[in-house]
Amino acid sequence: MPAPTSNGISRTPARTPRLRVSGRGLWITFLLVPPVVVMALFVIYPIFSALAYAFYDWQGLARGDFVGFANFEKVLFQQPFAATTWNAFKNNIFVFFALMIIQNGLGFILAYALWRDLPGARFHRIAVFLPVVLSTVIIGYVWKLFFHPIFGAVNQLLKAVGLGSLATPWLGDADTALNALIFVNAWAWVGFPTLVFLAGLQRIPSEILDAARMETDSELTLIRRVIWPLIAPSATVCFVLLFIGSFNWFELPYIMVGLDGSPYGNTDVLGLYFYRTAFGNQSAGIQDFGMGSALAVLMFLFIAVVATSWTIYLRKREIEV
Amino acid sequence: MAQLSLRGVRKNFRNVEVLRGIDLEIHDRELVVFVGPSGCGKSTLLRLIAGLDDISEGEFTLNGRSMVNVPPSKRDIAMVFQSYALYPHMNVYDNMAFGAKLMGLSKDEVQKRIDETAATLQLGPLLQRKPRELSGGQRQRVAIGRALVRKPAVFLLDEPLSNLDAALRSEVRLEIAKLHNDIGGTMIYVTHDQVEAMTLADRIVVLRDGMIEQVGTPRELYETPANAFVGTFIGSPRMSLLKAVRDGDRFGVAGSGAVLLPDAPETGKTVTLGIRPDALSLAPEGATDGFEAEFEYAEYLGNDAYIYARLGDGTRVSLQGDTKNLTHRPGDAVRLRPDPAEIHYFDSETGRSFRRP
């Protein structure tokens, strides 16, 4: 029973909002707890446990002694591990730059063409994005078939048009294997930068473009001096996500060339090497949780530090339109 | 030097005809204002002159040279946009230098022109700022400055004041008028605001539905509108249009009686009378002439006052008057006396003006 105040008015109405706030707080807590628990359990805990595992010696799944930075030292400087690490790292860097040019470059060009409403733009907008929604497993599997040396569509097509001399075991040849993977990745993902750049282009106020057209008739000047700076936010998203994706590259090479990065490590990347080391594979058989964790920690640190500082740098050149 | 000539200019967007045959000559150093209700095609016409859109049909020449297939940047025309359209990633200096540099001017020349322009428009302290750090009025001045730096033959201004508040608007309006006096370039100015049109223009082009209704000086448009549309569009409050039936010199309005209007021009039996607020007055009480009407309300504006009344056929009319000694209440019967010399006669069908002989 609410106590009447001196002027005889019940105090209940004043109390109701406080009740409602706590009700709302409960509701928010109810919504927040499950994702926080999931994040903590499956993201934060593994990161920190990997960090911890990396400092121990492991016998199979049994944790041994604390060994300090020994695991890091092994994967970075001790042969034969170091050679594999640096080879994989070098391949990751190559993949990143190649995709930066092919995937993001083509993405920008496609976005520009779609934005200019060239004939068929509506069809191409969907067509370009379609592979993005396909599962990487399917893409990898289908392209692996396409690249089959004898029955694959690629070589069959080359022979059919009289370019049989170019036919090659694409995924088995050291010169072409990594490039073939990069091509498939770009084919599958080019729709993403296209869409992000297109969104950026569509955000540019038309009067600014008109104003620029009053001052220059060179499309290149227009792109370089006006359009590109104005879609900086899109570029930030595409660049940083591609960087993270390139150094976490795993599914596509795993499905198309297997865990060993065949042939002869030509397609080996850090993701594959980490997996082989931590969980072992059929051919090598050995498994070292400590070294695997050290690799994972190094990859995480490298990606986090570079992605963060690059984002900060790229953000600086962004301008609110 | 800039002499613009438009002949039979048409513009279609897919199946919609936005401009339906525009013939217009614009002379050197003239400030011409395109005015009309929204959707009349005035901004489209400006964009055709700028080269931002292509002409569907007809001819446009600048100083005798056809502008078909000449890109906007090569027309020697600069444009100030409604939203100012400053480059958000460049500071004020670079915004003004961008076009000038692309014209191939030397660095010193660009610097000199920007210094001059900045002095004229008081932009000196703002040169290093980005557009988002400027107020609306300052952005407007930068947009004008960007056009000035290029020293173009023709300036196009697309509703440049519509994003400013009322006080700033009249201030910038004065600045534009002064600027036109000082630099003497040819200016084409688009607005839907007839006050801007009246105060700035050497000549006004009134557009409606993609056609030119009338071209003339502000005075010509006000005093001798070619049709009822121009009559009502120019002047505030609007000219009242009365549907009248003529019987000799007597003009009757349904439900309001008739008035005697000697020396009216030749008209048909039915005619539309155009009466501006200053051509109508309240008859003193007890008078028996004038139109019978019902007093509605009065508007006191300080230096001016307007009285609104309703005629017998439901037409609302406005008149300029003294509200100081007004004792009428809404619903009171009043009599309105038109000034015969100031009345406009329009064809009821076509809206065309009947001129006095």
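Me: Which residues have the most contacts inside the largest nonpolar core?
Reply: This is a predicted model, in which local features need pLDDT of at least 70 and side-chain atom pairs count only at pLDDT 80 or more, while totals for chains, interfaces and linings use all residues. Residues are numbered from 1 along each chain as its sequence is written, while chains are lettered from A and ligands numbered from 1 in the order in which they are written. A nonpolar core is a set of buried Ala, Val, Leu, Ile, Met, Phe, Trp, Tyr and Cys residues joined through C-beta atoms within 7 Å, and a residue is buried if 20 or more other C-beta atoms lie within 10 Å of its own, exposed if 12 or fewer, and partly exposed in between, with C-beta atoms placed from the backbone. The largest such core has 129 residues, and those with the most contacts inside it are Leu181(A), Val33(B), Phe34(B), Ile49(B), Met79(B), Leu156(B) and Ile188(B).

Me: With which residues is Leu181(A) in contact, leaving aside its neighbours within four places in sequence?
Reply: Two residues are in contact if their C-beta atoms, placed from the backbone, lie within 7 Å. With the neighbours within four places in sequence left aside, the contacts of Leu181(A) are Leu252(A), Pro253(A), Met256(A), Val257(A) and Thr267(A).

Me: How many of the 12 residues of helix α8 of chain A are buried?
Reply: Helices (H or I, at least four residues) and strands (E, at least two) are DSSP runs, numbered from the N terminus. The cover over the buried residues of α8(A) includes α3, α4, α7 and α11 of chain A, and among those buried are Phe192(A), Leu195(A) and Phe197(A). The helix is largely enclosed by the rest of the structure, because the buried count is 9 of the 12.

Me: How far apart are the end C-alpha atoms of helix α8 of chain A?
Reply: The expected span of a helix is 1.5 Å times one less than its number of residues. For the 12 residues at 191–202 of chain A this should come to 16 Å, which agrees with the separation of the end C-alpha atoms, 16 Å.

Me: Which element gives the largest share of the side of chain B that touches chain A?
Reply: Across this interface, 18 residues of chain B are in contact with 17 residues of chain A, and the elements of chain B that give two or more residues are β6 and α2. Counting Ala, Val, Leu, Ile, Met, Phe, Trp, Tyr, Cys and Pro as nonpolar, Asp, Glu, Lys and Arg as charged, and the others, Gly among them, as polar, this side of chain B divides into 12 nonpolar, 4 polar and 2 charged residues. The largest share, 3 residues, comes from α2(B).

Me: How far apart do the C-alpha centres of the two domains of chain B lie?
Reply: Domain bounds come from an automatic or database domain assignment, which for chain B gives domain 1 (4–229) and domain 2 (239–354). In contact are 5 residues of domain 1 and 8 residues of domain 2, and the domain 1 side has 4 nonpolar, 1 polar and no charged residues. The C-alpha trace of the chain spans about 80 × 45 × 35 Å along its principal axes, and the two domain centres are separated by 39 Å.

Me: Which strands stand at the edges of the six-stranded open sheet of chain B?
Reply: Two strands pair if DSSP finds at least two bridges between them, and here the antiparallel order is β13-β12-β11-β14-β20-β21. Inside it, β14 and β20 pair over 4 bridges, with Asp347(B) as the bridge partner of Val271(B).

Me: What is the bridge partner of Leu6(B) in β2(B)?
Reply: An open antiparallel sheet of chain B has the order β2-β1-β4-β5, with β2 and β5 as the edge strands. Strands β1 and β2 of chain B pair over 8 bridges, and in β2(B) the partner of Leu6(B) is Leu24(B).

Me: Which residue in the turn between β9(B) and β10(B) has a positive phi?
Reply: These two strands run antiparallel and are joined by 5 bridges, and Val206(B) has Gln214(B) as its bridge partner. They form a hairpin with 2 residues between them, and the residue with a positive phi, of about 50°, is Asp209(B).

Me: Is Thr327(B) buried or exposed?
Reply: Thr327(B) is found in the loop between β18 and β19 of chain B, and its C-alpha atom is separated by 70 Å from that of Asp108(B), 219 residues apart along the chain. With 6 other C-beta atoms within 10 Å, Thr327(B) is exposed.
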